[in-house]
Amino acid sequence: GGVGIYFYGHSLIGRANFVSDDQVKQLETLPAEAYEEKTTEQDGLKSASLNQSELGNIQKKMNQENSKVDTIMDSDVYNVLLCGVDRRDKTWNGNSDSMMLVSLNNEKKRVSVISLMRDTYVAIPGHDYDKLNAAYAYGGGPLLLETVRNNYKIDVNRYAAVDFMDMVDVIDDMGGVELTWTDQEVEVANGYMIDMCQNVLNIPYEEHLLPGGGTYNCDGVQAVAYSRNRFVGNSDYTRTQRQRYVVSQMVEKLKSMSATDMMAFVTKVLPLITHNIPETEIWNLVSDAPQLLKYDYVQDRVPYDGLYDTIDVDGQGMLVPDWDDTISQMQRTIYGDGSISKNEDNQKSNVGSDKSGETEFTDEYLQLTGGTGTLFKDGYPTKETEGAVSDS
């Protein structure tokens with residue numbers, strides 16, 4: 001029986017898209033698609049682009065701060081980087097626009113999920129300084145992991161990545177996830193649903209549109225559209241919070257699955273996941289899963305509020321963390337007492353729980369709508385704004 005279980009499990013794991021680090025595409029230059037979207041922070045920039053001397057001073061300071069904190073090596077903590085990759089075709093690696101560092105602390109019985117914001121200004125080995133999400137575009141998971149190790153001082157060597165469009169199938173295969181929405185979130189997400197259905201998935205969009213705020217068991221199109229929304233709330237900062245909320249709801253759904261349903265789900269989704277996790281480690285995670293699902297769960301986002309600057313580099317907004325304090329806080333969350341930062345996000349348990357009506361549209365969103373805050377009427381795009389939200 002044990003032999004049978006092993007070979008069946010071996011067959012299942014073999015379905016996943018395991019890619020050894022030396023087989024990942026390496027790019028010297030990125031395709032135009034990598035630069036199509038205007039950065040989320042660019043709209044708020046008032047200063048001119050920095051010159052090379054000014055950039056050099058910032059980079060020197062970053063290196064000095066980064067060198068003050070050592071990387072912690074702890075065999076009781078298993079780190080893996082989850083990546084949501086944005087690309088419309090598979091000819092390149094794509095931008096890792098969603099990155100969550102998941103840390104399983106077996107001694108503390110705690111799972112921490114820390115979003116790493118894509119516009120963070122980092123040193124990418126072999127490619128000078130750039131946004132964090134460009135590391136995946138240049139060298140896939142291995143280069144992104146090396147970049148995170150060097151800059152954040154976190155001992156992480158494993159990653160798992162999925163395209164945003166494949167994420168639609170992952171959520172559908174688990175039977176959807178329960179999410180709570182505001183009216184504003186629904187209005188914007190309906191636009192993303194129309195764009196994804198018409199321009200990528202080639203399916204009718206009408207059945208996915210939501211009528212207004214509320215709690216729904218959301219299908220893959222709806223959940224991904226919710227995760228992509230950066231127009232309601234504080235730009236990409238709130239978007240990372242939505243993404244963590246979706247992941248936490250997926251975990252809750254997994255907890256409720258029977259062994260049969262779980263096996264059927266795993267069989268379907270493994271081919272959609274690109275990763276570098278050896279089979280022996282997967283077996284360890286599978287055997288520990290019943291206990292891991294009972295661990296305490298904490299979440300956070302980096303850069304931390306009050307511990308970063310925003311700079312303009314050739315018209316692109318970059319977030320420059322205070323690396324000394326940032327790394328120390330991350331290590332407390334992952335390896336220490338589990339305390340999280342004072343981020344505004346952390347004042348609520350999740351985005352969906354905030355129904356106070358105080359959420360405001362971003363300036364960029366209002367600019368697209370001519371100040372009206374209305375891209376859609378009755379769930380459909382208005383004639384003036386059709387296609388306005390078809391970005392990532």
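Student: How many disulfides does the structure hold?
Tutor: The structure holds 0 disulfides, a disulfide being a pair of cysteine sulfur atoms within 2.5 Å. Please note that this is a predicted model, in which local features need pLDDT of at least 70, side-chain atom pairs count only at pLDDT 80 or more, and totals for chains, interfaces and linings use all residues. Residues are numbered from 1 along each chain as its sequence is written, and side-chain values use heavy atoms, with hydrogens and water left out.
Student: Is Cys 83 buried or exposed?
Tutor: Cys 83 is buried, at 5% relative accessible area; buried means under 20%, exposed over 50%, and partly exposed in between, with a 1.4 Å probe and protein chains only.
Student: And Cys 197, buried or exposed?
Tutor: Cys 197 is buried as well, because its relative accessibility is 0%.
Student: Turning to the backbone, which residues does a cis peptide bond join?
Tutor: Val 302 and Pro 303 are joined by one, with omega about 10°. Pro 303 sits in the loop between strand 11 (296-302) and strand 12 (308-313); strands are DSSP runs of E, at least two residues, numbered from the N terminus.
Student: What is the phi of Lys 109?
Tutor: Lys 109 is not a glycine, yet its phi is positive, about 55°.
Student: Where does Lys 109 lie?
Tutor: Lys 109 is in the loop between strand 3 (95-105) and strand 4 (110-116). With a relative accessible area of 46%, Lys 109 is partly exposed.
Student: What about the phi of Asp 128?
Tutor: Asp 128, also a residue other than glycine, has a positive phi near 60°. The loop between strand 5 (121-123) and strand 6 (129-131) contains Asp 128, and this residue is exposed, at 53% relative accessible area.

Key
Helices (H or I, at least four residues) and strands (E, at least two) are DSSP runs, numbered from the N terminus.
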